[in-house]
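Biologist: Thanks for opening this model with me. Could you walk me through it?

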Amino acid sequence: MSALLSQHPLRPSPGGFKHWLKGRLLAALPIGFAVLRRVWPIAGTERFRVVTLHDDVREVFGTDAAFQVPY
């Protein structure tokens, strides 16, 4: 069947253990970010950061040159 004719053009979701693991990880994201906001609001390494606080996220996206945001 052609991808243009298919009713489901996206890849099907994984099954089995991958499906179970994906569900658990996605369910844990809000808890993980809540912990990060309290413990380490700007987590990361030299080249990669995870910014979790609203004001910090707005600052990062507002000053592309300073933070080298690629988008």
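Modeller: Happy to, and we can go from confidence to fold to surface. This is a predicted model, where local features need pLDDT of at least 70, side-chain atom pairs count only at pLDDT 80 or more, and totals for chains, interfaces and linings use all residues. Residues are numbered from 1 along each chain as its sequence is written, and side-chain values use heavy atoms, without hydrogens and water.

Biologist: Where is confidence highest in the protein chain?

Modeller: The pLDDT is the predictor's confidence in each residue, from 0 to 100, and the chain averages 84. Helices (H or I, at least four residues) and strands (E, at least two) are DSSP runs, numbered from the N terminus. Helix 3 (residues 64–67) is lowest, at a mean of 79, whereas the highest value, 94, belongs to helix 1 (residues 16–39).

Biologist: At which residue does helix 1 bend?

Modeller: A bend is the angle between axes fitted to the seven residues ending at a residue and the seven starting there. In helix 1 that angle is about 40 degrees, and a proline, Pro30, follows within four residues of the bend, which is at Leu29.

Biologist: Is Phe17 buried or exposed?

Modeller: Phe17 sits in helix 1. Buried means under 20% relative accessible area, exposed over 50%, and partly exposed in between (1.4 Å probe, protein chains only). Because its relative accessible area is 59%, Phe17 is exposed.
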